[in-house]
Amino acid sequence: MTPSPSERERPRTSPIQSSETIVAPATAPGRGALAVVRLSGPNSHAIGRAALHPWPEQARTATLSRVRDLSGATLDQVVAIRYDAPASFTGEDSLELITHGGAVVSATVVAALVARGARLARPGEFTRRAVLNGKLDITQAEATGDLVDAGSRAAQAVALRQLDGGLTRRVASLRAELIALEAMIAYDIDFPEEDDGPIQPARILQQTDAVVDALERLLATARTGQLVREGALVVIAGAPNVGKSSLFNALLGESRAIVTDIPGTTRDAIEAVVDTPTVPLRLVDTAGMRDAVDPVERMGVQVSASYVARAAVVLACGDSPVSLRQIGATLEAGGGGRSRAPIVAVWTKSDLAAPSNEDLVDARAATGAENSIPVSAETGAGLESLLTLVARLATGDALELHADAPILTRERHRYAVGRALDEVREFRAAWCERELPVTVAAVHLREAATTLEDLIGAVDVEDVLDEVFRRFCVGK
Ligand code: GDP
């Protein structure tokens, strides 16, 4: 386990002993072998003792037990695990019951516990208590939500890293640097007669620039966070019949994709998500791109153009020099919406006619691509290399740069870090350009530090919690 952020950086709250005991199913409703019911709060053990036969005598040990309702009727045979405060997820006395799944059983177990004095938990309330009791910090709580909501392996990996507390540590250390800078300025004022002489302005400036640089680097990770959350748009473009749909399907098959149809006509575009280890790719199969006369077809081509304009990567497909030149000319003419995204020349149907090296060089020249790759939807040749190449192009060097660094995954993070950066720049401008006294300009450093404190929940923890838990599911 990675160590938690130091106590000093923890939310300024003393352990909370909430007076209410809460209960909720922690698993999604519906048919399933098992379900988990959670109970937490000061009376959870008393309620459990009354409802469970036998009561688990050992903490953190799975015990086979039965749940009974108020009349003494058995509702289910369960595996019960008891946790004693503070050694639990919430930091409170709690209980986890693994019940049988399905629509009825866990609901009756929850009802029996409510009948004995627990109340139904609100969304995210267990995690909220964990934060208030110092078990998790606020970005770790967000990561818990992100992990539950993860729709791709990339999102899962980023959330897991955030769960380690990396983002909080990074923000806390930036805040500490700002406070050190403020202290340096204050020292200069308080002890101007010190033997060492006043702190050199050059040193203050150097520290300021170091903080600006660090904040800029952290802010730059927001793009990666967005890519991981939303996926990168990859457009398959080319003349009719060059094998676009076959490539689309083959790439999806290759990756066991989550397919999501986009409403529209058959000449519109269809979109599906290919989950690569680094980034989800939103693959779009466009209508054949060529001059269209028929109005319905023209609509399809316009859709293509608008997709190409928004693409992170464009696959310019062709099964011959002629068709590659055709798509190259269409993209060049702006029929593809004048994308500035990287283009990959994809030589399709390589099983029919494998391109020579010269053909591939020509394909790059014809389409304005930096890379060219032969693929066959029929045999699968080249598909994996294509996915790897596209994932790399879609993310630029962002993922490599941020491989071990914390990433800003939410608008809340981006806003706070952006504001802190503005404030530090403002301090520099006020002091160096507008020549205000350094102590006056330093109010901006205070603002920057406070903004970072808000981000990690070091102040006004309740307000931030309201915002964070608004979208949590019940039982988490
Ligand atoms: P689109 O109009 O560009 O979407 O092209 P399609 O995917 O519909 O393919 C057009 C034709 O080419 C179909 O008859 C496909 O079976 C054929 N085709 C597509 N990809 C391949 C391939 O990799 N190898 C071979 N041999 N035929 C292919």
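This is a predicted model: local features need pLDDT of at least 70, side-chain atom pairs count only at pLDDT 80 or more; totals for chains, interfaces and linings use all residues.
Around the ligand you will find 14 residues, the closest being Asn241, Lys244, Ser245, Ser246 and Ala377; a residue is near a molecule if one of its heavy atoms lies within 4 Å of it. Asn241 has a polar backbone atom 2.8 Å from an oxygen atom of the ligand, and Ser245 likewise places a polar backbone atom 2.8 Å from a ligand oxygen. The protein covers 68% of the 570 Å² of accessible area that the ligand has on its own (areas come from the Shrake-Rupley method with a 1.4 Å probe). Sorted by class, the shell holds five nonpolar, five polar and four charged residues. Here Ala, Val, Leu, Ile, Met, Phe, Trp, Tyr, Cys and Pro count as nonpolar, Asp, Glu, Lys and Arg as charged, and the others, Gly among them, as polar.

Searching the whole structure turns up one cavity of 30 Å³ or more, meaning a set of points on a 1 Å grid over the protein atoms alone where a 1.4 Å probe fits but cannot get out. The largest cavity contains about 60 Å³ of space, a volume being the space filled by probe spheres set on the points, which are joined across faces, edges and corners. Its lining residues, those with an atom within 4 Å of a point, are Arg38, Leu39, Ser40, Tyr83, Phe89, Thr90, Ser94, Leu95, Glu96 and Phe126. At least two of the lining residues come from each of strand 2 (34-40) and strand 6 (94-100); strands are DSSP runs of E with at least two residues, helices are runs of H or I with at least four, and both are numbered from the N terminus. The lining has five nonpolar, three polar and two charged residues.

Phe126 leads us from the cavity lining to helix 3, where Phe126 is among the buried residues. Eight of the eight residues of helix 3 (residues 125-132) are buried, so this helix is largely enclosed by the rest of the structure; buried means under 20% relative accessible area, exposed over 50%, and partly exposed in between. Charged side chains are part of that buried set too, including Glu125, Arg128 and Arg129. After helix 3 comes Gly134, with a positive phi near 75 degrees.

Finally, the backbone has a few details worth a look. His53 and Pro54 are joined by a cis peptide bond with omega about 0 degrees, and Pro54 sits in the loop between strand 3 (52-53) and strand 4 (63-68). That loop also holds Arg60, a non-glycine residue with a positive phi of about 55 degrees; Arg60 is exposed, at 54% relative accessible area. Another cis peptide bond links Ala85 and Pro86, with Pro86 in the loop between strand 5 (74-83) and strand 6. Glu435, in the loop between helix 14 (411-433) and helix 15 (438-441), has a positive phi of about 55 degrees without being a glycine, and counts as exposed at 65% relative accessibility.

Key
Residues are numbered from 1 along each chain as its sequence is written. Side-chain values use heavy atoms; hydrogens and water are left out. A polar contact is a pair of N or O atoms within 3.5 Å; within protein, one must be able to donate a hydrogen and the other to accept it, and residues adjacent in sequence count only if both atoms are side-chain atoms. On a 1 Å grid over the protein atoms alone, a cavity is a set of points where a 1.4 Å probe fits but cannot get out, and a pocket is an open set with protein on both sides within 12 Å along at least five of seven lines; lining residues have an atom within 4 Å of a point. Buried means under 20% relative accessible area, exposed over 50%, partly exposed in between (1.4 Å probe, protein chains only).
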